[in-house]
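Hi,

Here is the structure I promised to pass on. Have a look first, and my notes on what turned up follow below.

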Amino acid sequence: MGREITMSLVDRAKNILLKPKDEWNVIAAEPASVGGLFTGYAMILAAIPLITNILFLGLLGIGAAGFGGAAVGGLSFVAVTAVIGYAVGLGLLWLVVFIVNAIAPSFNGKQDMVQATKLMVYAATPTWVAGLVSWIPILGALIGLAAIAYVVYLIYLGVKPVMAVPDD
């Protein structure tokens with residue numbers, strides 16, 4: 001069963017990145033819970049940047065800014081900073097879900113906490129996947145910026161099927 005969950009998580013991430021229009025329709029219709037979306041998807045994928053920061057910046061001393069992580073603050077500093085970033089990131093995601101849910105009626109959309117959570121959790125996928133290369137000098141930063149732009153595009157594509165916001 002654990003393998004099925006992992007495969008569906010990988011498939012979901014791949015589909016939201018490569019064929020988002022089709023995937024948003026699937027996401028909109030499937031049953032979910034706020035807790036399940038956070039624990040079964042967001043918390044797992046948000047761990048990618050956490051792990052890469054600790055591994056590359058903390059252990060190997062490789063950083064996107066070209067500074068050695070071990071020389072700057074040591075492994076414990078990098079690990080604590082990464083864990084705090086992980087928690088703050090998930091907290092901000094939770095806050096944005098509340099905001100999206102609250103403003104949905106302003107755009108003639110349906111107010112639904114589960115649907116708002118689906119939209120924001122799955123739309124955040126590119127930033128978490130970009131965490132795989134965030135440690136590479138210059139390229140990591142450029143891919144991170146591209147990931148943020150893609151998040152905006154994913155929200156644009158997903159708001160209609162997931163939050164029932166009309167085209168106009």
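Before the helix packing, a word on axes: they are lines fitted to C-alpha atoms, for helices over the stretch in contact, and angles run from 0 to 180 degrees between N-to-C directions. Helices (H or I, at least four residues) and strands (E, at least two) are DSSP runs, numbered from the N terminus.

This is a predicted model, where local features need pLDDT of at least 70, side-chain atom pairs count only at pLDDT 80 or more, and totals for chains, interfaces and linings use all residues. Residues are numbered from 1 along each chain as its sequence is written, and side-chain values use heavy atoms, with hydrogens and water left out.

The protein chain has nine helices and zero strands. Of its 168 residues, 35% are buried (under 20% relative accessible area; exposed is over 50% and partly exposed in between, with a 1.4 Å probe and protein chains only).

Now the first pair. Helix H3 (residues 34–45) and helix H7 (residues 113–123) have axes that come within 9 Å and cross at roughly 15 degrees. That makes H3 roughly parallel to H7 (angles under 35 degrees count as roughly parallel, over 145 as roughly antiparallel, 65 to 115 as roughly perpendicular and the rest as oblique). On the H3 side, Val-34, Leu-37, Phe-38, Tyr-41 and Ala-42 make the contact (heavy atoms within 4.5 Å), and among their partners on H7 are Met-113, Val-114 and Lys-118. The residues of this H3–H7 contact divide into nine nonpolar, one polar and one charged (Ala, Val, Leu, Ile, Met, Phe, Trp, Tyr, Cys and Pro count as nonpolar, Asp, Glu, Lys and Arg as charged, and the others, Gly among them, as polar).

Next, helix H2 (residues 20–29). Its buried residues are Pro-20, Glu-23, Trp-24 and Ile-27. Seen down the axis of H2, they fall within an arc of 105 degrees, so they line one face of the helix (the arc is that of the directions from the helix axis to the C-beta atoms). On the other side of H2, Lys-21, Asp-22 and Ala-29 are exposed.

H2 also packs with helix H9 (residues 139–163), at an angle of about 45 degrees and with their axes 9 Å apart. That makes H2 oblique to H9. H2's contact residues include Pro-20, Trp-24 and Ile-27, and those of H9 include Tyr-150, Leu-154 and Pro-161.

Finally, Ser-106 sits in the loop between helix H6 (74–103) and H7. Ser-106 is exposed, with a relative accessible area of 60%.

Cheers
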